Amino acid sequence: MKLALAINAGHLKLDENKFKKLKVSLSRKTVPYRWIPTDLLHITLLNLGETDHDKIPELDQKIKQIVNAYGVFELKLNGIWAYPNQKEGRLLWIGVQNSITLQALQRELAEELVDEKDFREDKIFRPVLPIVRLKNHINVTDMISPYRGFDFGKIKVEQLVLYDMVSGGAYPLYKLVKTYSIHPGLKNIQPDMSQAE
């Protein structure tokens with residue numbers, strides 16, 4: 001199984017009117033594309049890679065232990081960007097606020113779940129919300145330029161999901177393995193950043 005742990009964004013209601021210009025631009029391109037289905041919208045926290053099925057109970061316990069210490073929190077959504085870059089875009093995504101709470105959650109999960117030989121403390125976590133996959137690399141500069149700094153509101157982080165990527169390619173398919181609810185009444189403790197270098 002090729003596992004990934006993510007924030008569930010399937011409940012997010014993105015205003016269709018905000019995407020009118022993007023839809024027109026996409027319709028003028030000759031390259032095939034697909035919108036990410038609403039129920040599969042997610043913000044990846046960790047790619048766990050190939051994992052044996054018998055390791056899932058251990059992963060499950062570790063994830064629950066960390067998630068149970070967090071309360072629901074919100075993240076701002078801003079702008080549309082492209083991966084790997086706007087001149088060779090293959091994936092369009094909305095920028096996600098990398099808040100202190102999100103950084104702390106992602107770091108705890110990474111330290112606990114990623115093998116020491118694969119974990120790099122200097123690797124920068126960049127949260128994104130993928131919305132469109134393109135079959136081929138194309139220049140999307142003009143397509144996304146109207147969306148620089150565009151405010152898409154906020155997402156409430158209420159649940160994490162463990163996905164299995166059952167097929168790769170231009171349009172990968174994901175199968176839900178487990179869900180992890182975040183405690184609605186718990187207040188998040190801000191980490192002490194005064195000791196950070």
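# Reading a predicted fold

User: Why does Leu77 count as buried?

Analyst: Leu77 has a relative accessibility of 1%, and buried means under 20%, so Leu77 counts as buried. Keep in mind that this is a predicted model. Leu77 has its place in strand β4.

User: What makes up the surroundings of Leu77, beyond its neighbours within four places in sequence?

Analyst: A contact needs heavy atoms within 4.5 Å. By that test Leu77 touches Leu12, Ile94, Gly95, Val96, Leu129, Phe150, Asp151, Phe152, Gly153, Lys154 and Ile155. Gly153 is 76 residues away along the chain, yet the C-alpha atoms of Leu77 and Gly153 are separated by 5.6 Å.

User: How do you know whether Leu134 is buried or exposed?

Analyst: Leu134 shows 0% relative accessibility; exposed would need over 50% and buried needs under 20%, so Leu134 counts as buried. Leu134 belongs to strand β6, residues 128-138. Its contacts beyond four places in sequence include Leu26, Tyr33, Leu92, Val140 and Ala170. Ile63 is another matter: 71 residues separate Leu134 and Ile63 along the chain, and their C-alpha atoms are 32 Å apart.

User: Let's step back. What makes the protein chain as compact as a globular protein of its length?

Analyst: First, its parts: the protein chain has four helices and nine strands, and from the N terminus they run β-α-β-β-α-β-β-α-β-α-β-β-β. The globule rule gives 16 Å for 197 residues and the radius of gyration is 17 Å, close to that value, so the chain is as compact as a globular protein of that length. The C-alpha atoms fill a box of roughly 50 × 35 × 35 Å along the principal axes.

User: How many of the contacts join residues at least 24 apart?

Analyst: Among contacts between residues at least 6 apart in sequence, the share is 79%. As for cover, 42% of the 197 residues count as buried.

User: Which residues touch the most other members of the largest nonpolar core?

Analyst: They are Ile80, Leu92 and Ile131, in a core of 59 residues. Helix α3 (residues 100-113) gives this core its largest share, six residues. Leaving aside neighbours within four places, Ile131 is in contact with residues including Leu14, Phe19, Trp35, Ile80, Leu92 and Trp93.

User: Why is the bond between Tyr83 and Pro84 called cis?

Analyst: Its omega is about 0°, and the peptide bond joining Tyr83 and Pro84 is cis. In general, most peptide bonds are trans. Pro84 lies in the loop between β4 (73-83) and β5 (89-96).

User: What can be said about surface and charge?

Analyst: The accessible surface of the protein chain comes to about 11,700 Å², and 48% of that belongs to carbon and sulfur atoms. The chain carries 28 positive and 24 negative side chains, with the centres of the two sets 11 Å apart.

Definitions and conventions: Residues numbered from 1 in each chain as written. Predicted model: local features only at pLDDT ≥ 70, side-chain atom pairs only at ≥ 80, totals over all residues. Heavy atoms only, no water. Helix = DSSP H or I, 4+ residues; strand = E, 2+ residues; numbered from the N terminus. Rg over C-alpha atoms; globule rule 2.2 N^0.38 Å. Buried < 20%, exposed > 50% of the residue type's maximum accessible area, 1.4 Å probe, protein only. Areas by Shrake-Rupley, 256 points an atom, 1.4 Å probe, with all protein chains shown as cover. Lys, Arg positive; Asp, Glu negative; His and termini not counted. Charge placed at Lys NZ, Arg CZ, Asp CG, Glu CD. Core = buried A, V, L, I, M, F, W, Y, C linked by side-chain atoms within 4.5 Å.
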